[in-house]
Amino acid sequence: MDLIPAPLGSVRLPDRDFPLDHATTLTAPPALAGAERWLRSALTAATGLPLTPGRPGEGIELVHDEALAGEAYRLSVRPGRAVITAGGPAGALWGAQTLRRLLGPDAYRRAPLRDGGWVLPGADIEDAPRFGWRGALLDVARHFLPKADVLRFVDQLSAHKLNVLHLHLTDDQGWRVEIKRYPRLTERASWRERSMVGYRAGQRRDDRPHGGFYTQDDLREIVAYAAERAVTVVPEIDLPGHTQAAVAAYPELGNTDVVDTAALGVWTDWGVSHNVLNPSEATLRFFEGVLEEVLEVFPSEFIHLGGDECPKEQWKESPAAQARIRELGLANEDELQSHLIRHFDRWLADRGRRLIGWDEILEGGLAVAAPPTGAAVPAAGRPGAGWRSRAAVSSWRGFGGGIAAARAGHDVVMCPEQHVYLDHRQADGPDEPIPVGFVRTLEDVYRFEPVPAELDEAAARRVIGTQANLWSEFTDSARDIDYRAFPRLAAFAEVAWSALPADPAARDYAGFERRMASHLEVLDALGVEYRPAGGPYPWQRWPGVAGRPIDGPPPAV
């Protein structure tokens, strides 16, 4: 059983196989109806078998056991019987994904290739995830990805038991979410006049307008589709930096006493724009309005507000920003940024949500962290002297930010760019398309360890999960995303799910490679255009397009 990610325990029972036929039933209690519906839809399409509802105790059955953790499951296959026992809807879905994998790669197709011959191998499997947050970031701001491709990416995540889709919806180069009270965010900020092709050193542009956005109903559909597959969608609305697109649509959001914001367009370069939000109360009210509509669409506990890479030059030059610093009794521009983040930290807490941001939100002073889980929390996180932040930190610049946040009592998602930025190149050499960053091979990702050894036991518990990030400056289609994400995302999924040795050198990479050989057949059936081990196909290359490769191993930061 070449399962990826590897389960906690599995035993193959060669004489206990269960052949499926047109009489095979599929049954579940109401609490697990979503997993039952998904499994019937997936298997009926691939096998042609109706899998009609049956009676408890026969056929394929999903069973709810509250003694198990919500994402845990057990799968037992015997002649004429397959039982998925799950702690909750998510566990049932993960058990269903494992059952589909046992049927072989053809179970991932959308129409049957043969009439009959479907056999579940006899087995006992026990499984549960290591981390509660097993995520992947998809950047749809730099290059817009049509809704159908986002849904396809959700399927890929769920097939690998990844349960968070971090959807990066806004940036300097585009705004992708409909906000009804601010229509110019989609009328103007959702498209740019042209795009840079490759890294800026190449001085190459395509001179083709690029854009697109998701209506609120599109996003509700994505959220519901993901929820059916045990995936939570966490939206990111970036502020106070990475906001030139918003300023281009509503110039009053910018630092009008420093720059002619009315002359700004949606940015056509990659990188970090110096055109950032002004820190006025009016700007806070504007983004409260944005977030009110975001919260109506996304039910996730966490809302990502970026908080990273905010150049301070305009604030230093702006009389209005300097007056704001004096008015608030702040020391400098870093504390001004912290003021903005803390405002929305409290604002989200008042509405029962939690802020998560990149590790720069620690700069200038994030509010005191909440006590450990189970300890008393002051008055529902209301503002005031006793209020404590429940904000979480996405540690992207390395492990350092995450270590500091965890020691300060903040929850952390580890996603260091040196290890799990999947837009970074997969090999050295001239054929790698638009080579960016460090070489991160399949083995490198498999040996990534999210919990730093220097954390003590209490701080280590603050690492609630890990995430692989896929930025899209150099990926303008689903084919490009496939190439950069896979097969490395499969290795990352095992890191996030499975009980691997904490010492990366002790991990059985040879065994993973053996399992990966058959897993590639699953990716083929799913239509994933992954990077071949021998290098890119001709159509996966971008000859002559400049990248920004970084030589040598990544630094330990």
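User: Let's start with Tyr 537: does it count as buried, partly exposed or exposed?
Analyst: Tyr 537 counts as partly exposed, because its relative accessibility is 40%. Here buried means under 20% relative accessible area, exposed means over 50%, and partly exposed is in between, with a 1.4 Å probe and protein chains only. Keep in mind that this is a predicted model: local features need pLDDT of at least 70, side-chain atom pairs count only at pLDDT 80 or more, and totals for chains, interfaces and linings use all residues. Also, residues are numbered from 1 along each chain as its sequence is written, and side-chain values use heavy atoms, with hydrogens and water left out.

User: OK, and where is Tyr 537?
Analyst: Tyr 537 is in the loop between α17 (509-526) and β22 (548-549). The names come from DSSP runs numbered from the N terminus: helices are H or I with at least four residues, strands are E with at least two.

User: How far is Tyr 537 from Glu 335?
Analyst: They are 202 residues apart in sequence, and 49 Å apart in space from C-alpha to C-alpha.

User: Zooming out, how many helices and strands are there?
Analyst: The chain has 17 helices and 22 strands. It is as compact as a globular protein of its length, because its radius of gyration is 24 Å, close to the 24 Å that the globule rule gives for 557 residues. That radius is taken over C-alpha atoms, and the rule is 2.2 Å times the number of residues to the power 0.38.

User: What does the C-alpha trace span?
Analyst: About 80 × 60 × 45 Å along the principal axes of the chain.

User: And how much of the chain is buried?
Analyst: Buried residues are 59% of the 557. There's a contact figure too: among contacts between residues at least 6 apart in sequence, 75% join residues at least 24 apart. A contact means heavy atoms within 4.5 Å.

User: Switching to sheets, what order do the strands take in the open sheet of six?
Analyst: The order is β1-β8-β5-β6-β4-β3, with mixed pairing. Two strands pair if DSSP finds at least two bridges between them.

User: Which strands stand at the edges?
Analyst: β1 (9-12) and β3 (26-27) do, each with a single partner strand, so one side of each has no neighbour in the sheet.

User: How does β3 pair with β4?
Analyst: β3 and β4 (residues 59-64) pair in the parallel sense over two bridges. Thr 27 has Glu 61 in β4 as its bridge partner. Glu 61 also has a bridge partner in β6, namely Val 83, and β4 and β6 run parallel, joined by six bridges.

User: Is β6 enclosed or open?
Analyst: Largely enclosed by the rest of the structure, because five of the six residues of β6 (residues 81-86) are buried.

User: What about β5 and β6, parallel or antiparallel?
Analyst: β5 (residues 73-78) and β6 run antiparallel, with six bridges joining them. Arg 78 stands opposite Arg 81 in β6. The hairpin of β5 and β6 has two residues between the strands, and Gly 80 takes a positive phi near 75° there.

User: Which residues are on the covered face of β5?
Analyst: Tyr 73, Leu 75 and Val 77 are on the covered face, while Arg 74, Ser 76 and Arg 78 are on the uncovered one. In a regular strand the side chains alternate between the two faces of the sheet. Five bridges join β5 to β8 (residues 123-127), and the two run antiparallel.

User: Last one: is Ile 434 buried or exposed?
Analyst: Ile 434 is buried, with a relative accessible area of 1%. Its phi is near 40°, a positive value in a residue other than glycine. Asp 207 has a positive phi too, about 55°, but Asp 207 counts as exposed at 53% relative accessibility.
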